[in-house]
Amino acid sequence: MNVVSTAIGYPYIGENREWKRCVESFWKKKISEEQFRLEMKTIRLDHMKRQQSLGLELLTVGDFTYYDRMLDLAAMFGLVPTRYSWTGGEVDLSTYYSMARGANDVVACEMTKWFNTNYHYIVPEYEDQPLTLTKNYILDYFLEAKEELGLITKPTIIGPFTFIQLAKGYDAKSKALFILKLLPLYAQALQQLVDAGATWIQVEEPAFVLSLSTEDVKLVQEMYKQLAEEVPDAQIMLQTYFEGLSAYEELSQLPVAGIGLDFVHGKEENLDSLRTYGFPPDKVLGVGVVNGRDIWIANLAEKAADVKAILSLSGAEEVWIQSSCSLQHVPVTTKSETNLDSTLRNALAFADEKIVEITHITSYVRDEDWAGNKSVSKSMLATEALVNHEARQNRRVKELVSQVKPEHFLRPIPFKQRQTLQKEVLKLPDYPTTTIGSFPQSDEVKRTRTAWRKKEITDSAYAEFVKMETARWIQIQEEIGLDVLVHGEFERTDMVEYFGEKLNGFAFTEKAWVVSYGSRCVKPPIIYGDVEWTAPMTVKEVEEAQQLTSKHVKGMLTGPVTILNWSFVRDDISREQVANQIALALREEIQALEDAGISIIQVDEPALREGLPLRKENWNEYLSWAVNAFKLATSSVKNETQIHTHMCYCEFNDFIEPIRALDADVISIETSRSHGELIQSLKKNPYELGIGLGVYDIHSPRVPSMEEIDTILNESLEVIAKEQFWVNPDCGLKTRHEEETIASLRNMVAATQKLREQH
Ligand code: GLN
Ligand code: ZN
């Protein structure tokens, strides 16, 4: 049997985010285009050498990008919308980055989540334009590796089915023509690779793991038949990931040379398929066993057993041992993490360490003196040590969890009755106005925080600064005439990090960055132990703000599901269990806020939707525990205490049920980008609890006029009753400037005043 070690893709950002720095310097015109291209090349080649030195055999090219790989393909095939005034030929960097980020007068292309990851790609826009192969970037990368390093690499390209599924601008009718124009370009690109000496080409089709209709399957079969006819010499490794391969019986028979399956996230389904249908004897099997989505070391003994089962079920003659998906979703290396507790650190594996795991498993399959291999026992011991870590044996947390009863997920009386009580106690005007929580994080705020982190100013000087800024904004809010005030969140950089730093069970890395979109990177906290509340986290700031005003100040927390979805999470217990631990911790915080006299508390859940599984049939299971975690956090309050929540996405339509199930007294939700749609869906599916439809987009510096807001308010009145009606912007204001924030909020309050006079 022939065995090869490979990875589906490698992170391009670099150990020290060199890639990000290079891209941003170019944007700021600090380096010339020539310099930029040269530095990018150095980064690319370094990454190849690095993977090679780690022992990986078949290296991948084309996993690199200057912004996003979907955007690269759009540029490669000339899918440039007319608004960018592109006149043909190779898409220049300025057009490319205008599509990514917008420019003076042109808006950027839409950006959206890449499957169920936290990465966001640029959505290609089809405008019925003629398409051409403007430039084969992947070929360039292939030739570069061949010339500079003398390597025959495996070029990778996002496959035509996935590309079309994720693009927009066509309907059922024009889709056929789109495909007809696009496929020959794919064939041309593949042919060029073959001519240049590529032996294998990885074609990524993650869309093959979604629920596919009979028509989809037919379409895929036709597409690949045509590709096989047009480029008979291309050896395609058809790569799937994130779930099991759908329609396995049909798709495993496609005319390709290999099929790569995800044996981490789609393990059971793919194993079942192998069991039921076998594996085509003439194809190479890509065995994705090393988790490309988490940060934990693999238990090599367990992986060995998995691989054994896969090999015997498939009977494949040649196998590739690889990551379950591209390693771009994990940070680069644990080497830089010198501040972590050693038990935790020993149990971590980022991209580089995962590549080493791939090579170990490969040796195992080759039967090279494996049993005695030190790495096997090391991986077992490290996993075991983490399982037994004292942070995971928190008696108080275990006891709290064991005491949870069904009634802890429910508020004692239904919304309608709470609404009456809250009306009496809170004494808010009709159409109460409020904001989502944060106010501008000015340069001064950021500078002061940095100085404090660097210990250039004392704790008390920093606290005093935050207090002054809060006081200043309480006054501004009073002057504007808002009804429910907020303290402004000046003490927080990030809505998850802030809580993670104060709760037990979290760890923070130094360099564990992953790309969220474009050059924007995030460094998610690691939830490795039992999550425990030890002391109030937000009470001081909110209480200080409350003392300055006779209006209500809202307490402000990040919800359990958002904290979970924006962290790397331990895998020895279920996500549901972790969510409930966070919920119990927040429950204690909410108690502390109530004890301090706070009567409105907002628990943000902007990431509730992000945790949705890829396939709709699995949504309910996730939603039921996610909604329950929110309720566990928020249901212990007095009936008179008003619980708010906030979400910022527009696809409300298919989400009204779960939102209602949260049983939050008030929700504020982003509306302005899909206002019409939202109103329509509320017409069809009425919502009874308190709700504030965001009245203006906070992503733009533009100040909305009073008339604009007035129109939105009046339209909203068609679907929302006076008793449930709240007025607020779409989201938090931390990225805006002070002047525009004040002007916008003044217009919002004026429009509300007019509404009150008329209704
Ligand atoms: N309370 C947070 C803020 O105002 C909410 C942020 C969010 O929804 N992402 O910034
Ligand atoms: Zn928001």
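Predicted model: local features only at pLDDT ≥ 70, side-chain atom pairs only at ≥ 80, totals over all residues.
1. Stepping back, S21 and S22 belong to an open sheet of six strands with parallel pairing, ordered S17-S19-S20-S21-S22-S23. At its edges you will find strand S17 (555-558) and strand S23 (725-726), each of which pairs on one side only.

2. There is also an open sheet of three strands, this one with mixed pairing and the order S12-S15-S18. Strand S12 (504-507) and strand S18 (568-569) each have a single partner strand, so one side of each edge strand is left without a neighbour in the sheet.

3. For the antiparallel part of that sheet, look at S12 and strand S15 (residues 526-532), which are joined by three bridges. Here Phe 506 sits opposite Ile 527 of S15. Helix H22 (residues 575-595) packs on this sheet, where it touches S15 and S18, and its direction makes about 50° with that of S15.

4. H22 has a helical neighbour to check as well: its axis and that of helix H15 (residues 395-402) come within 10 Å and cross at roughly 95°. H15 is therefore roughly perpendicular to H22. On the H15 side the contact involves Val 397, Leu 400 and Val 401, which meet Asn 580, Gln 581 and Leu 584 of H22. By class, the residues of this contact are four nonpolar and two polar, with no charged ones.

How values were computed
Residues numbered from 1 in each chain as written. Chains lettered and ligands numbered in written order. Pairing = 2+ DSSP bridges. Helix = DSSP H or I, 4+ residues; strand = E, 2+ residues; numbered from the N terminus. Contact = placed C-beta atoms within 7 Å. Axes fitted to C-alpha atoms, helices over the stretch in contact; angles between N-to-C directions. Parallel < 35°, antiparallel > 145°, perpendicular 65-115°, else oblique. Nonpolar A, V, L, I, M, F, W, Y, C, P; charged D, E, K, R; others polar.
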